[in-house]
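This report describes one protein chain, part by part. Please keep the sequence and the structure in view while reading.

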Amino acid sequence: MPPPSRSLLWLGLVLGAVCASRGPAAPGNATDPLNVLLIIVDDLRPSLGCYGNKLIRSPNIDQLASRSLLFQNAFAQQAVCAPSRVSFLTGRRPDTTRLYDFNSYWRVHAGNFSTIPQYFKENGYVTMSVGKVFHPGISSNHSDDSPYSWSVPPYHPSSEKYENTKTCRGPDGELHANLLCPVDVVDVPEGTLPDKQSTEQAIQLLGKMKTSASPFFLAVGYHKPHIPFRYPKEFQKLYPLENVSLAPDPQVPAGLPLVAYNPWMDLRQREDVQALNLSVPYGPIPADFQRKIRQSYFACVSYLDTQVGRLLSTLDDLQLASSTIVALTSDHGWALGEHGEWAKYSNFDVTTRVPLMFYVPGRTAPLPVEGEKFFPYLDPFDSISEVPEPGRQTGDLVELLSLFPTLAGLAGLRVPPRCPIPSFHMELCREGRNLLKLFEGRGEEEEPHVRGNPRELIAYSQYPRPADSPQWNSDKPSLEDIKVMGYSIRTVDYRNKYWTFHFTHHKFTSSKAGKRQHLGKIEWKICRHLLAWSGSDHRTVIFWTRA
């Protein structure tokens with residue numbers, strides 16, 4: 001049996017101190033604060049049964065959706081890991097965190113902004129991090145934002161160091177660092193995979209918190225379906241290649257602005273993709289290999305689903321389902337060949353749209369009765385007659401920025417105030433809307449720009465580029481290389497993409513003369529609103545098209 005992790009040892013000390021100060025825990029009652037389980041998945045697009053995909057086997061996430069409020073149109077603010085995670089965990093847009101790459105820590109370079117777990121910690125919660133919650137490295141101060149955000153040291157699975165090493169058995173019998181990497185788990189280093197270890201750690205932490213007098217906030221970050229597609233090989237069987245189609249629109253569109261395209265360089269660096277000898281930047285990838293990519297992505301999703309299922313069934317086993325909010329989302333989507341695109345790194349819907357659902361005991365579903373299994377584990381290999389309907393769903397446009405105020409409100413905490421413009425001096429405020437009223441069957445939080453007109457709901461995303469055409473660092477430009485900033489404005493009727501040139505990283509501004517180009521009243525109002533929240537004096541050319 002492996003020794004207890006550092007997180008578990010620290011948690012024992014923290015809970016011991018809490019018990020000593022508070023005395024024995026009282027029996028639960030309706031006024032006890034709700035716990036929070038936040039599940040963050042890496043690179044997961046809404047390719048799930050609960051979002052209408054009939055091919056994908058995701059029974060455990062679908063079961064969660066059947067007891068949740070599910071958001072059909074949720075969007076990330078930047079389609080790359082570190083900027084997106086810092087954005088929704090602080091409730092600030094990338095133009096406020098000033099993180100567009102992986103190379104700065106917002107508390108140093110933008111402002112000492114509070115985070116979701118920090119806010120819960122300051123309100124009496126024991127906060128814990130398992131797996132990839134913040135992006136590791138400089139962007140979270142090489143500490144996952146400890147000690148600000150977490151009560152105990154964050155946990156990272158020991159096997160994640162092998163993710164990009166030569167552990168993929170190729171047709172030649174040799175080990176490679178491939179994109180497609182189905183494995184026999186007993187043969188890989190340590191005999192396990194990172195997401196399996198994260199689930200096991202999270203289950204142990206839940207067991208420790210079961211008897212705690214303090215409420216908990218547990219964030220669990222899963223790696224898959226992030227590349228490489230390294231997953232237990234049996235999940236391939238769920239998706240025979242003859243059942244896997246190409247993307248419905250696999251060609252690069254004629255007339256696509258060069259600046260909008262990302263050349264998916266991280267895929268090209270994998271040994272099996274290098275062997276295809278593809279042209280740069282447009283490829284294309286041979287059709288048979290496209291199917292294999294899609295097959296492995298879907299297999300990763302089903303593997304992920306089993307880990308989510310094990311975690312949720314533990315809430316039943318520990319009788320925590322009636323006292324724990326569960327939120328599940330992703331940091332961004334992932335292109336699977338649509339428009340000749342792969343990976344993330346763009347402003348297209350397929351990379352910015354994410355799954356988002358909230359289970360709230362007694363609100364999105366009745367409280368479970370004693371002995372009832374709310375989240376029994378479901379095996380994706382079992383025959384599934386039909387996908388359960390989401391408990392409730394909404395088509396309103398929402399942003400991941402809303403995660404902060406919405407979780408706070410659902411847990412009964414004071415919702416942070418709206419941020420002024422600019423807000424660099426404010427440690428605690430939020431730039432996203434509070435979605436709490438949607439859980440009461442009413443509309444969005446009433447704010448001046450949306451009151452009485454749901455068509456004026458807006459979701460914004462952005463992406464930087466080093467040049468106006470694809471090059472080697474177009475996907476992940478460093479701040480000092482950014483010359484162009486692209487914005488996406490999504491409404492019910494419109495999808496607007498526009499690119500501001502001559503971005504200056506010292507001043508975080510752009511300067512290219514622009515003008516109003518025959519926009520209607522609502523459209524121009526939306527554009528002015530975009531410029532208002534950015535707090536900038538950008539002068540930009542705006543191109544507007546119907547969705």
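The model is a predicted one. Buried residues in H2 are Pro-59, Asn-60, Ile-61, Asp-62, Gln-63, Leu-64 and Ala-65. Because 7 of the 8 residues of H2 are buried, the helix is largely enclosed by the rest of the structure.

The loop between strand S1 (35-41) and helix H2 (59-66) contains Ser-47. Is Ser-47 buried or exposed? Its relative accessibility is 5%, and Ser-47 therefore counts as buried. Leaving aside residues up to four places away in sequence, Ser-47 touches Asn-53, Ile-56 and Val-301.

## The chain as a whole

The chain has 547 residues, and 60% of them count as buried. Its secondary structure comes to 13 helices and 17 strands. Among contacts with a separation of 6 or more, 76% are between residues 24 or more positions apart. The chain exposes about 21,700 Å², and carbon and sulfur atoms supply 53% of that area.

S16 takes part in two pairings. S15 and S16 pair in the antiparallel sense over 7 bridges. In this pairing, Ala-459 stands opposite Arg-490 in S16. Strand S16 (residues 484-490) and S17 are also antiparallel, and they too are paired over 7 bridges. Here Gly-486 stands opposite Trp-499 in S17, and the bridge partner of Tyr-487 is Tyr-498 in S17. S16 is joined to S17 by a hairpin through 4 residues.

How many residues of S16 are buried? The count is 7 of the 7, so S16 is largely enclosed by the rest of the structure. Both of its faces are covered. Val-484, Gly-486, Ser-488 and Arg-490 are buried on one side, while Met-485, Tyr-487 and Ile-489 are buried on the other.

## Helix H12

Helix H12 (residues 403-410) is mostly covered, with 8 of its 8 residues buried. These residues are Leu-403, Phe-404, Pro-405, Thr-406, Leu-407, Ala-408, Gly-409 and Leu-410. H12 is followed by Gly-412, which has a positive phi, near 85°.

## Aromatic rings

A search of the whole structure finds 22 aromatic pairs. Two of them are set out below, with the distance between ring centres and the angle between ring planes.

| Pair | Centre distance | Plane angle | Arrangement |
|---|---|---|---|
| Tyr-105 and Trp-106 | 5.0 Å | 65° | edge-to-face |
| Phe-358 and Phe-439 | 5.5 Å | 85° | edge-to-face |

The reasoning behind the last column is a cut-off: planes over 60 degrees apart count as edge-to-face. The planes of Tyr-105 and Trp-106 are at 65°, so that pair is edge-to-face. The planes of Phe-358 and Phe-439 are at 85°, so this pair is edge-to-face as well.

Tyr-105 and Trp-106 are both buried. What does the pair of Phe-358 and Phe-439 tie together? Phe-358 lies in strand S13 (residues 356-359) and Phe-439 in the loop between H12 and strand S15 (459-465), so the pair ties together parts that are 81 residues apart in sequence. Phe-358 is buried, with a relative accessible area of 1%. Phe-439 has a relative accessibility of 5% and counts as buried.

Phe-229, Tyr-239, Tyr-297, Phe-298 and Trp-334 form one aromatic cluster.

## Charges over rings

The charged end of Arg-92 sits over the ring of Phe-113, 4.0 Å from the ring centre. Arg-98 lies over the face of Phe-424, and the distance to the ring centre is 4.4 Å.

Notes. Residues are numbered from 1 along each chain as its sequence is written. This is a predicted model: local features need pLDDT of at least 70, side-chain atom pairs count only at pLDDT 80 or more; totals for chains, interfaces and linings use all residues. Side-chain values use heavy atoms; hydrogens and water are left out. Buried means under 20% relative accessible area, exposed over 50%, partly exposed in between (1.4 Å probe, protein chains only). Rings of Phe, Tyr and Trp (its six-membered ring) pair if their centres lie within 6.5 Å; planes under 30 degrees apart count as stacked, over 60 as edge-to-face and the rest as tilted. A charge sits over a ring if NZ of Lys or CZ of Arg is within 6 Å of the ring centre and within 35 degrees of the ring normal. Contact means heavy atoms within 4.5 Å. Accessible areas come from the Shrake-Rupley method with a 1.4 Å probe; for residues, only the protein chains shown count as cover. Two strands pair if DSSP finds at least two bridges between them.
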